[in-house]
Amino acid sequence: MALGVSRKKAASAAEHRFDGVEVVDAPAVREHQSRDLVGATLALVGLVMVTALAIFAQATAAGVTNDIMAVAHPVASILQIAVSILMNFATLILPAVVIADSLVRRQFWLALQGAVAAVVAFVAAAGAIWLVDAVNYPPLQTGLSVAAAGQYQLTISPLVALMAGVLTAMGPRSRRPIMGVSWNLLWVALAAAVLTGGATLPAAFITVLLGRLVGLATRYVIGVTTDRATGDALVHGIRSAGLKPTRIVRVRDISDPENPTER
């Protein structure tokens, strides 16, 4: 059985065989999606707003953080150990697992996207810490720091930014189950860190927004492939519908002008 699968844009097709089925398909094209650029812009705006909140609404932000910590105070000592373990797992193990999962699936460009976002997000967060120290503006430093051993420590985490950057650069959480699980663990770890006094609320949001900004910018610069099924996935999807194809040809959309070179 030969099947035709429509597509939107004409492109030169190539023939391949997957599990005994001949597939004539257009090569995957990387796209620079405007929604990624819009998302990066919104993340940047969010960074500015949260930073302003940390400076000008410091009492409110500190009050919210203290109220959250007060609720969790009875179990804070128990949570601290669990938070340390969870945070290390979420920021050290999960990024490697997500990238390795893409490599196993032979999604090499996606893995590269994640790796680039990881490096840039880590550097961006480290740069943000350096900038806050260099500016030496007490209201900002206080809003992003927690008191430990009589000293204030900035709680912007390069590793958390790295994790958020990787997950953002590698697509929506619905793309694969491991993405959704990773995002859930990241938010739980951050919430627990705020509950136990390991981070301030503004610093937690700034860290994630930095990762989001880098991840979305990486997606826009490198580009993303379309979500249409190709190769083995296309063959498997058609077979799961109860059909037994011998040849699959992706044809142009009937609304597109005919391209003689595509016949």
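A polar contact is a pair of N or O atoms within 3.5 Å; within protein, one atom must be able to donate a hydrogen and the other to accept it, and residues adjacent in sequence count only if both atoms are side-chain atoms. This is a predicted model, in which local features need pLDDT of at least 70, side-chain atom pairs count only at pLDDT 80 or more, and totals for chains, interfaces and linings use all residues. Residues are numbered from 1 along each chain as its sequence is written, and side-chain values use heavy atoms, with hydrogens and water left out.

**View 1**
Helices (H or I, at least four residues) and strands (E, at least two) are DSSP runs, numbered from the N terminus. The chain has 263 residues, and 40% of them are buried. Buried means under 20% relative accessible area, exposed means over 50%, and partly exposed lies in between (1.4 Å probe, protein chains only). A contact is a pair of heavy atoms within 4.5 Å. Take the contacts between residues at least 6 apart in sequence: 78% join residues at least 24 apart.

**View 2. Thr 200 caps the N-terminal end of helix H8.**
A side-chain oxygen of Thr 200 lies 3.2 Å from the backbone nitrogen of Ala 203. H8 has 22 residues. From first C-alpha to last, H8 reaches 32 Å, close to the 32 Å expected at 1.5 Å a residue. The expected span is 1.5 Å times one less than the number of residues. Just after H8 comes Gly 223, with a positive phi of about 95°.

**View 3. Asp 36 and Arg 219 form a salt bridge.**
A salt bridge is a side-chain nitrogen of Lys or Arg within 4 Å of a carboxyl oxygen of Asp or Glu. A search of the whole structure finds 1. In this pair the closest N and O atoms are 3.2 Å apart. Asp 36 lies in helix H1 (residues 34-56) and Arg 219 in helix H8 (residues 201-222), so the bridge ties together parts that are 183 residues apart in sequence. Both Asp 36 and Arg 219 are buried. For Asp 36 the relative accessible area is 4%. Leaving aside neighbours within four places in sequence, Asp 36 is in contact with Leu 216, Arg 219, Tyr 220 and Val 224.

**View 4. Thr 218 is another buried residue of helix H8.**
The relative accessible area of Thr 218 is 8%. Thr 218 touches Gln 113, Val 116, Ala 117 and Gly 223, not counting residues up to four places away in sequence.

**View 5. The largest nonpolar core has 21 residues.**
A nonpolar core is a set of buried Ala, Val, Leu, Ile, Met, Phe, Trp, Tyr and Cys residues joined through side-chain atoms within 4.5 Å. Val 98, Val 166, Leu 167, Met 170 and Leu 186 have the most contacts inside this core. Helices H3 (76-104), H4 (108-135), H6 (158-169), H7 (177-195) and H8 each supply at least two of its residues. H6 gives the most, with 6 residues. Apart from this core lies another, of 19 residues, among them Ala 43, Val 50, Ala 161 and Ile 206.

**View 6. Helix H6 is mostly covered.**
Of the 12 residues of H6, 11 are buried. Among them are Pro 158, Met 163, Gly 165 and Thr 168. At 1.5 Å a residue, H6 should span 16 Å; its end C-alpha atoms are 16 Å apart, which agrees. Just after H6, Gly 171 takes a positive phi of about 110°.

**View 7. Met 170 touches residues that include Val 98, Leu 110 and Arg 219.**
Residues up to four places away in sequence are not counted here. Other contacts of Met 170 include Ile 99, Ser 102, Gly 114 and Met 179.

**View 8. Trp 183 and Trp 187 make a stacked pair.**
Rings of Phe, Tyr and Trp (its six-membered ring) pair if their centres lie within 6.5 Å; planes under 30 degrees apart count as stacked, over 60 as edge-to-face and the rest as tilted. By this rule the count comes to 1 aromatic pair. The ring centres of Trp 183 and Trp 187 are 6.4 Å apart and the planes are at 20°, so the pair is stacked. The two residues are 4 apart in helix H7, about one helical turn. Trp 183 is buried, at 7% relative accessibility, whereas Trp 187 is partly exposed, at 40%.

**View 9. Asn 136 has a positive phi.**
Its phi is near 55°, in a residue other than glycine. Most residues other than glycine have a negative phi. Asn 136 lies in the loop between H4 and helix H5 (138-143).
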